[in-house]
Amino acid sequence: MLVGQTVARMDAVSNVPLTRQHGGQIDLVSLSKTFGDVVAVDDIELCIEPGEFFSLLGPSGCGKTTTLRMIAGFEQPSGGQILLDGQDLVAVPPHRRPVNTVFQSYALFPHLNVEDNIAYGLRWRHDRTRDGTTLDKAQRRRRVGEVIDLVRLGGLEKRRPAQLSGGQQQRVALARALVLQPKVLLLDEPLGALDAKLRKHLQGDLAALQRDVGITFLYVTHDQEEALTMSHRLAVMDGGQVAQVGTPVEVYERPATAYVADFLGVANLLDASAEAAHDGRQMVQLCSYTLDAQGDGAAGAVKLVVRPERVRVSPDEPGGPNCLPAMIDRIVYVGSTTQVHVRLPDGQTLQSLTANAESPPDWPSGTPVAVTLPADALRALPV
Ligand code: ATP
């Protein structure tokens, strides 16, 4: 049973207060998993630092959950190592690993109230702390009270799961994992079942909670905004491999591949050709205009990436560096912003996004305009 698996994973907890814990370091070394012909995880290397909020981000089927399940011990790797603070976990059974998992389905006991759902795991961990001393009943009650405060469930202790909202049930699931003081908390799309507004709200709460408890969070999601807003660092996965690892700013501002740029949000991706790079800069040809871009690749075909919010469109004659002519395709008003879609001389389209601080532009389709792609915002990526 899911809940049994989750709570049985710790056989001892420490007496350290919940808000002053040390997270574990996870090293994945040449980790692979195949299911028959399917390579779900393909020789990945990752180091997740102690106390880090780290996300695995990628589309459905890219191997995120399989990676998490191998760390939890629910799947056996086909090859490689999983180190927790230097100790290989592969031969350690799931219930002996100092990690806990929070699933998208909360798997709460329907007949137990909030307090008892949370306390359930403590009863299973043989009443021994990590330093060998016994956690008595009063200490157990204190620990449960502490975690209830931490996830802000005070006042709801006696309610059963059916009497809670989705967000409150998710907090109980979190509390039940945290009360066991794992070194690493694994979270598999834990906000997936909630509506968009509540998700946003809980994203902030989760990040704050992680800062408070200090343990390492490994978070799986296919939602790029979620990963960017909560994580210290993230790995973008593609077909079982790690496409890029970095801070949210690094992967968003400096995507290593066109795949990462595309996955992380609305990016303009344009076909162009480039000269060989010098000192991190590359001269590129777009519609027979020469533009200055960031890049470090060889000469040849490239994808140019530029975020819509960095593209400037003006009704003036083209002029100045990195400026080329275009034609208005359509303008889409989206409340706080306006999308201006333009067509370049070679037929490729490009989007500009402007905040609606003033009245939005109302140029008709076909209006000739000048488009500027600032050199510091334009990146040439290998195809
Ligand atoms: P999602 O976001 O949809 O959960 P994911 O990125 O977590 O996707 P995984 O669940 O790790 O992806 O699956 C990776 C690949 O491995 C997929 O092609 C999937 O079909 C396959 N796979 C996962 N579990 C099994 C299994 N038990 N047997 C066979 N194939 C599996």
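**Close-up 1. Leu83 and its bridge partner in β5.** Leu83 is bridged to Asp88 of β5. The two strands here, β4 (residues 79–84) and β5, run antiparallel to each other and share two bridges. Strands are DSSP runs of E with at least two residues, helices are runs of H or I with at least four, and both are numbered from the N terminus. This is a predicted model, where local features need pLDDT of at least 70 and side-chain atom pairs count only at pLDDT 80 or more, while totals for chains, interfaces and linings use all residues. Residue numbers start from 1 along each chain as its sequence is written.

**Close-up 2. The open sheet around β4.** Zoom out a bit and you get four strands in the order β2-β1-β4-β5, with antiparallel pairing. The edges are β2 and β5 (87–88), each pairing on one side only. To count as a pair, two strands need at least two bridges found by DSSP. Strands of a sheet pair through backbone hydrogen bonds, either parallel or antiparallel.

**Close-up 3. Helix α2 on the sheet.** α2 lies across β1 (26–35), β2 and β4, and runs at about 115 degrees to β1. Contact means C-beta atoms, placed from the backbone, within 7 Å. For the angle, axes are lines fitted to C-alpha atoms (for helices, over the stretch in contact), and values run from 0 to 180 degrees between N-to-C directions.

**Close-up 4. The shell around the ligand.** Around the ligand sit Phe35, Val38, Ala40, Gly58, Ser60, Gly61, Cys62, Gly63, Lys64, Thr65, Thr66 and His222; the cut-off is a C-beta atom, placed from the backbone, within 6 Å of the molecule. By type, that's four nonpolar, seven polar and one charged. Here Ala, Val, Leu, Ile, Met, Phe, Trp, Tyr, Cys and Pro are nonpolar, Asp, Glu, Lys and Arg are charged, and the others, Gly among them, are polar.

**Close-up 5. Ala175 in the largest nonpolar core.** This core has 92 residues, and Ala175, Leu218 and Leu304 touch the most other members. Helix α5 (residues 166–178) is the top contributor, with six residues. Leaving out residues up to four places away in sequence, Ala175 touches Ile118, Val147, Ile148, Val151 and Leu153. A nonpolar core is a set of buried Ala, Val, Leu, Ile, Met, Phe, Trp, Tyr and Cys residues joined through C-beta atoms within 7 Å; buried means 20 or more other C-beta atoms within 10 Å of the residue's own, with C-beta atoms placed from the backbone. Of the protein's 383 residues, 38% count as buried.

Key: Buried ≥ 20, exposed ≤ 12 C-beta atoms within 10 Å, placed from the backbone. Contact = placed C-beta atoms within 7 Å.
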